[in-house]
Every structure is written in structure tokens, then in C-alpha cells.
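Reader: I would like to go through this model and ask what stands behind each term used for it. Please set the values against the criteria as we go.

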Amino acid sequence: MIQYWQGQAEPPGWYCLGPEDDTLYIFAIYLAGSLDRFYPGFNEWFCQRLANEKKIDWRFILFLFLSGLQAHQPDTDVPVYMVIDDWQYIHDTDVLKFFDRFMANLPVRLHIMLLSREYVSLPVLERMRLHGQAKDVFPTDLLFSPDEIKKLFQKSQLTHVQDKDIHAIFKKTEGWAIVIKMLAAQWCEDAGQYENYLQKKSLNLQRFFEYLSYDFFNRQPEELQNFMLKTSLVEYFDLDFCQNIIQSGSESKLLQDISQKGLLAKQSDHGVYQYHSLFRAFLQQKAEAELPDKRKLYQSFALYYLRKNNYEWALHFCILCTDWKRALDILARVGRHWMVSGRQRIFCHYIEKIPVPYRKDPRIFISLGDMARLAGEYEKAVYWYEQSNQLFAIEKNSVGESESCRGLGEIYLDIIQPVEAQRYLHQAYKALPEGQEEKKGELLYLMSENMINHGNSRLAERYLLLRHKVVPFDHGDRNNLQARIWLRTGKIRNVCQILQRDNLDRLDRAPVSFRDSSLILSLCYSIQGDMEQALQYADKAIQYAQAIHSRFIAVISYVRMGHALLLDYRHNKDICKQKYEKALELAEQLPIERGKTEIYWGQSLMASLDGNWSEAERIGRYALAITQKGKDAWFSAILYLTLGMGAVFSHCASKGLPYLEKALALYQKCRDTLGQTACFLYFSHSYQQLEKPGLFLNFYQKFVTYCRVYHYEFLMEKKSILGNLGNMSCDTLQSYHQMIRPAANTVTPLNSVITTFGGLSLMFQGRQILSGDWTRQSAKQLFLLLISFYDIPMSREKLMNILWPDADERTGRNNFKVTLNCLLNTLEPERRPRMPSTFIRKNKTSLQFTAFNDCHLDIRNFEELVKKGLQMLPQKTDEGQVLIREGLDLYKGEYLSGEILGEVLLQKRDQLKLLALNSGTRLAVSYLDQNRYEQAEKQAEWILTVDPCWEEGYRILLRSYGSQKDTVMVEKWYRNCCQVLERDLHMPISERTKNIYQKFIK
């Protein structure tokens, strides 16, 4: 304010208040004296009349004051400015009433400026604020910005202060002008202080603290001083904290005092207080010197924060009061949570403060194991988990042993060794006692993920379903398991849809090794032929790896960048090679052989694109040896496909056909429709090169049909790491197709496809319906009921009773109407209102799903083929066998696998499974009767994949191998049968099976 008025022609009047001015008489006289320069003679006139009065009140003084100002008004229009400083000293009621009315009747040319450390809340000012007649300048408006600090230093001849130091000063002082001016003055007086700051990076604030002590602290009541000293020991405090800790009974008033008296405390909208950082530093310095028995105070702080579940602050104060046992208990309680939430450094900070003898706790060892695992230090992690397991075993703590085994299992999950991972996860599950359903659910989730690494997506989904039964509510999907299941079953659009919701710019997200969303998305876009997106997500993954210092994520990131560059290999050959070499260089530093296989995948493709088939085959077969050791069927399929592709690139297609056949078989086992489509593509390329038009037509038709049905058009239109690379193109295939089939225009695919076995997949009128497209779960359930009972009309009343068994009739009808409308809109969004549905036939009392000829419904085809085949089997055995085989090929897994089903649909699932098992058994027996042993054995093994406890399957195998006098295989399958029935059903083998076994063994 002073600086502003120094540059003006006419300075203002200035009245600086003190505690002695808080009476009406004194205040009025001094105010009149301050105005006398602008109203000559007013002060003398006012004092004489006031001296003659025996009894005065605020109304009389106001009348006298206003009359005198009017009488001494000079003949000029020049505005008058009056500054009243330190208004916070005024509390007297008469003074406040007088000044409020005075402000309401100010002379026209008089302007008042109030300086106060407290908010001025006079009634007249509140009204003026509402009408825009008053201007408030708050402390935050007066804080210095870094630029203003720089200008101040330049005015003080401190031009050598660097920008980074100015920003550090701004951060430390929060722009507090008085502190910055004091620093400038100190450094001008003594250059050595600035040099000291540069060395120690700490500000000398002693002079400022002396000012605070004199001007602020020492003027407060003793109770308030004590209150401020105690509350300064915490960063934030509120009324609840003060009532629990201070316990003086006047906490509410004390909080009001520090808020209103300008004692450098900020209050949030939620009633939380915080001192200015420098003022808090000053208070803490005084508290350290003046507060008695701080250890007891710290103990009360720790207990308070522990009750509030604020573990970090509780831990902080436990360490300050040297309560090591409680500090260790808190660390053990929160350690694992801190690990997965990215707070490893905080854990290390506190564990280092606890004396070494107190750290020997198995719970702490588990947290240290988690920290090492997440940092990619797997050998260290194994050490800590094994140490914790030994201590838990001594304590006979089965839950703790389970946690240790789980940690070991997660290590092998991270480095993709599914056999070892399953062993430890199984041990962890067995160690858990009753009542630990939540932990069992988490282990089932990890087992499901391990099955994905194993290449068994069907079993992965079963584990997920079992998890839902054990723990019905959703626990989230931290390892992107659902996305990885979809990736490995060809539902690539679903993967992108679900993962693009993640905020991948956050570098503090929990590390999940190779499962990070950015890595999965990069691979998905390389498959879909979008090089720019693939590179973008790979780059984000590299930034993330650098931020969390994870070499393993960095390895996979560089690999995914190499995959993306393969899409335009001709222009990016050298860069692509560098990325794979960088990944291999980093991978050599890690004890994870399985992590190198994806590098070899890319390098094998590079070698084949360069025309070096022998090198491509060598690298691919080496990668296969590692992958098969880990028993990952899906990635083995990718490598077999890569070798088949490489043979085509190198113009030796005949050498690639055996690899493509193995890839297709594995992809079918994994139920990956995308991988199967890629195999069909390269069978087409191979048979075109080999000039075998019949085989070409077969596979090309399958390729085009799968592309249309499953929306894999990108394999036809773009470069893809699983599709056309280098000079390969679908245009050549199409031209060849037209040449050998001039009469055929295009392959006509089915327009609508509903797949229910092994998981629900829907395409209506060329449009795929994803899980997110269902706006109501009840609409999806209604649809599942209609397709399950496609052959009969279902009454509306029956459907309502199934969907809403507890609803009254009116509610049920309303729900049904809304649900049916939602279903129709989902299936046919472009259908006009009141137009009949293409797929659902409605009448007043019932609904029925209408499967037209252009709609493939696998459950209908399955039931029709199998039932017709069973009828024909006794008379026309060969024709019946073909029909049953075609029907069973549609049974890709459990009916509606992965869906949450009610009792009615669960019964339908069991009926269909029983039909598959019975018809498969009849088919296998018919093969036996014809002495077609190989077909009988394959069919029996298929039966056991559907139900490992189906004893008739084992009997068929015993009869087949027995008839061939292969006693070794008879022994093997009999032993398997005994083990499975005992393990899964706790039942002995049947007498009938024993008799068959004994017959052939004798």
C-alpha cells in the first residue's frame, strides 16, 4: 500500500490502530485528526463540541461527526483517501456500530481503505460487496509469483540468483512477501549467506522467526499459544483432532481464533486447518524447545491416527516416540497394500528407521518379497518369500504360509513359468483354512491367469467362474486378465475397448509386469495393422518402465515397438533390428528365459522377410523349445504360425505346411478364432504358391468367412504381424481366386452368427454385439432364454417369473416391456418403431427366437446334427458318424461359458453337456465296433476334455488299447482314471471298469 501511494501526487490520510484505540472516544478523536488535512478545522471543531458533552453514545458521536464533515467540506471535487491500518484490533461494539453507520453515510468524495489481518464483516460492507461497491484484496492476492520475486531481487541488485533458486524460494515461502523481502535484505547485506544457501539449499529464517515471535506469537493468550504449538506438530488438523488431543473444552473457540485473527492458518471447506509452511516451521521450533513430555504427546497422536486408519501418520508418530512394536505391526498391516499401490519408497523409508532386531517378522519379509518382485529382482523376492514361509511354518500360521506360497507363485506368473506357478498357487490354496473365501477367490484369479499363460483359455474361464462362486462380488481385474483371455481367444476389439479406458499417462500406477495395458494395446494395434497407435502405446510403456525402473517391462516395450515397425519393414528395417537387439540386451540381464521368446518371434519374422529361411527356422525352433518347456500352447501356436509365414515369405511354402497344421490345431485347442483365421490366410498363400487350387479354395473360403463373421477385415485390408507382411497381399489371393473360379464373384458369408459354446459371441446383420452394448443385464438374460429354447414359444408369464421371481404382476409387466424394448434395440438398432423384429416373433402371450437360414445358431445346429446322427447310427453307421462328428465339432466348450446364469439356463447347460457326452460315447463305441481304434481313442480323449470324470471314456480307451494288446497304455489310462475319480469325486473306480482292466491285463 505504501509503495503504491509513494508514486501518487496526493498521499492518503493514515490512521494506524493499536489495542488502545478500541474505545469509541479515542477512536473518534483520532479518526477526526486523521481527516483534518482534508477537512481543515474539522478536528478542532469536533473535539471542542465533544468536550462539552457529559454523556455520549455512538449515535450522538456519529451525528456530530457527519455534521462536522459537512460543515468543513472544502470547495473542491478532488477525491479523499483514508487508510485505517490494523483493523483487527477493533472489537468494541460501540466502535463497530459507529463505524458501520459512518461507512453507510460516507461523504461523496471520501474513500476508506481498511487493512486487517482478519476478515472485516461489517453489515454495511457485506451489502456493498453484493452491489460491487467494495473491493476485497485477500492475502493470496498479495503473494509474490516467481516473476515478481525475480524483479524484486533485480531491484535489490541480486542479479546472480538463478531461476531454479527463485522457484525453490517460491516453493519454500509460498510467495510470502515479507519473508522474500527479508531474504533479499539479508543477501544484500551479507553475500556469504547466499553462498551458504547454495551449499546447503536451506534458508536462514532466524530473523523472520524473531519477527513472528514478537509480532504474532507473543501477543496471543497462553492457552492459544499452547494450542498452536501442539497443532503445529501435525500437517493438518480439524475439530475432531483437537477435541481428542487438546481436550481443553474450548477447541472450537481456539480454532475460530486462529482462523479470524490472521494467525497464518488456512481453512478448507471441510473444516480442515493448515498453517502456512514457514509459520508451522517457526511453531515447531518453539514446540521443540518449550513443550514438555513430547513423547507422550506423540503417543496420543499415533493412537488417534490409528483409530482413524491413517496408518502413515500413525507410523510417523510411533517412530517419533520410539514405539517400535506398534510401528512394526502397522508396517506389517499395510506393507503389501503399499507395494501394489506404488508406495514402495515410503515403506523403505519407514522400515529403515526401525532397529534391525525388530524387523525379523514374516509379514515384513512378505512385503520385502513383494517389493523385490515388483522391481523385477526375482532372486531376491524368492529369498524373502522362502524366509517368511519358514517363520510362518514355525508359528504354525497356515494363512501366512499360504501368503508366502502365493508370493512364490506370483513370481513364476511374472516370469511366465506356468508349471512352477501352478505348484505354488495350488499349495497356497490348500494351506488356507475354512472362512478364507476372499483369499481363495484371489488365488483362483491367479490360477486363471496361469492357465492363460499355459494356453488353456477354457480352464482359465472355469477358474474365473469358480472365483465368482466363491467370492460373488467384483474384486476388479488388476492384471488385465479378462483382456488377456479375450486377446488369446481372438476377441481383439473387446480388448481395445476395455483397456483404452485406463489412464496410461499416470506413471504411478501399480506395476503388473508384462500385463500392463500399454503393452497389451501395442500388441493389439500391431495385429490390427495400426502402426502409429502401436508405436504410441509402446513408447508409453517405455516411459512407464523408466519411471518405475522395471527392466522386464522395458524389454517387452522394445519388443512391441519392434513388432509395430515390422508393419512397414521395408522403410524401418534398421530401426526395427535395433529395437529387438536393445530388448535382447536388456533381457540378457534378467533370469527370465521365457521373456526372450517374443524377441525371437520378431527376429524370425525379420529373417524370413529378408529371405533367409534357414535362419528364420533356426530362431523360430529355438523359441519353440523354450515355449513348449513352459507349456504355453497359445504362444507355441504363434511361433508355429510364424514359421509357416516365414516359409511363404521365403518362397518355400511346402516346408511351412507342417508348421501351419500344428498352429491351426493349437489355435483350435485354445479357441482363438483370430489365430485360426491367420492360419487359413497362410494356408491360402501356401497353396497358391504350390498351385493347388482345390486346397486353396477350401482355405480361402474359410479365411473370408471368418474375417466377415468375426470382424477380422483388417487381415484382408492392412499389414498385420499375424497377417500380410512384406510383399504379401490379399489382392493376389483374390486375383487367383477369380482366375480359378471365374463364375464365383465373392464368398457369401453368413450375415448373422450366434456362438454359445465356449462363450457367447454375437454378430447380427454384420454388426458384432459386445458386452458393453447391453444397456440392461435383464435384456441379455431374456435373449439367452430365447436362444436356449429356440424350438418352442416361451410364454411371457413364464419369462417374467424366471427373470423377476419376487416381483408383483404389475412390476413384472413393466419390467418385461422395458427389457423387451431394450433387447430389440440392441439386436436391431435401425428397426423402425412398431415394425416386426427379424429375429424375435411376438404375439400376445409368447415370444420365440426365429433362426432364419442366414443366421447361424450353433446350439440349434449342434442339437439337430447330433440327434439326427444318433437316429441314423444303427442302420447307416457311416453317415450317422459324420453327422455326430459335425455336431460335436460345434461343442467348443461349456454352453454360455463365462456368463452368469440362473437355474433354468444352468439346467440347459447340463443337458447340452450330457448330450455331448452321450453322443460322443456312442460315436466312440461305433468306431470300436468297426475296429477303428485311432478314431475311437481320439473321441474318448475328447470326451475326457469335456468331463475328466466321465468313466465311460476311460473304459473305451481300455477296450481300444486292450484290443491292440498295448498293456502299457491300458495301465496308464486305468491309473489316470483311479486318480481323477479319487481327486475330483472322492469315489473309487467302478466294478465294470475293474473287470475290463483285469480282462486285458490277464
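Reader: How is the confidence in the protein chain expressed?

Author: The average pLDDT is 84, and 90% of the residues score at least 70. Residues 743-749 have a pLDDT below 50, and in the model this stretch has seven contacts beyond near neighbours in sequence. Where pLDDT is low, the predicted coordinates should not be read in detail.

Reader: What does the radius of gyration of the protein chain say when set against a compact globule?

Author: A compact globule of 1002 residues would have a radius of gyration near 30 Å, whereas the protein chain has 41 Å. Along the principal axes, the C-alpha atoms fill a box of roughly 135 × 75 × 60 Å. The chain has 49 helices and 12 strands. Of its contacts with a separation of 6 or more, 64% are between residues 24 or more positions apart.

Reader: What makes a residue count as buried, and what percentage of the protein chain do buried residues make up?

Author: The cut-off is under 20% relative accessible area. Buried residues make up 52% of the 1002 residues.

Reader: Why is helix H12 called largely enclosed?

Author: Helix H12 (residues 222-231) has 10 residues and seven of them are buried, so the rest of the structure largely encloses it. Among the buried residues of H12 are Leu-224, Phe-227, Met-228 and Lys-230.

Reader: Why does Phe-237 count as buried?

Author: The relative accessibility of Phe-237 is 2%. Buried means under 20%, so Phe-237 counts as buried. Phe-237 is in the loop between H12 and helix H13 (239-245). Leaving out residues up to four places away in sequence, Phe-237 touches Thr-231, Cys-242, Leu-255, Ile-258, Gly-271, Val-272, Tyr-273 and Tyr-275. Phe-237 and Asp-966 are 729 residues apart in sequence, with 81 Å between their C-alpha atoms.

Reader: Why does Glu-899 count as buried?

Author: Glu-899 has a relative accessibility of 14%. That value meets the criterion of under 20%, so Glu-899 counts as buried. Glu-899 is in the loop between helix H44 (877-889) and helix H45 (903-929).

Reader: What makes E9 and E10 edge strands?

Author: The open sheet of three strands has the order E9-E11-E10 and antiparallel pairing. Strand E9 (794-795) and strand E10 (840-842) each have a single partner strand, so one side of each is left without a neighbour in the sheet. E10 is joined to strand E11 (residues 846-849) by three bridges, and these strands run antiparallel. Arg-841 has Gln-848 in E11 as its bridge partner.

Reader: Which helix touches E9, E10 and E11?

Author: Helix H40 (residues 777-788) packs on the sheet and touches E9, E10 and E11, its direction making about 70 degrees with that of E11. Helix H42 (residues 809-827) lies across E10 and E11 and runs at about 145 degrees to E10.

Reader: Which are the edge strands in the open sheet of four strands?

Author: The order of this sheet is E8-E7-E6-E12, with mixed pairing. Strand E8 (767-769) and strand E12 (855-857) are at the edges, as each pairs on one side only. Neighbouring strands here are turned by 20 degrees against each other on average, direction ignored. Three bridges join strand E6 (residues 752-755) to strand E7 (residues 761-764), and the two run antiparallel. Ile-754 stands opposite Leu-762 in E7. Helix H43 (residues 858-872) packs on this sheet, touching E6 and E12, and its direction makes about 65 degrees with that of E12.

How values were computed
Residues numbered from 1 in each chain as written. Predicted model: local features only at pLDDT ≥ 70, side-chain atom pairs only at ≥ 80, totals over all residues. Heavy atoms only, no water. Pairing = 2+ DSSP bridges. Contact = heavy atoms within 4.5 Å. Axes fitted to C-alpha atoms, helices over the stretch in contact; angles between N-to-C directions. Buried < 20%, exposed > 50% of the residue type's maximum accessible area, 1.4 Å probe, protein only. Rg over C-alpha atoms; globule rule 2.2 N^0.38 Å. pLDDT = per-residue confidence, 0-100.
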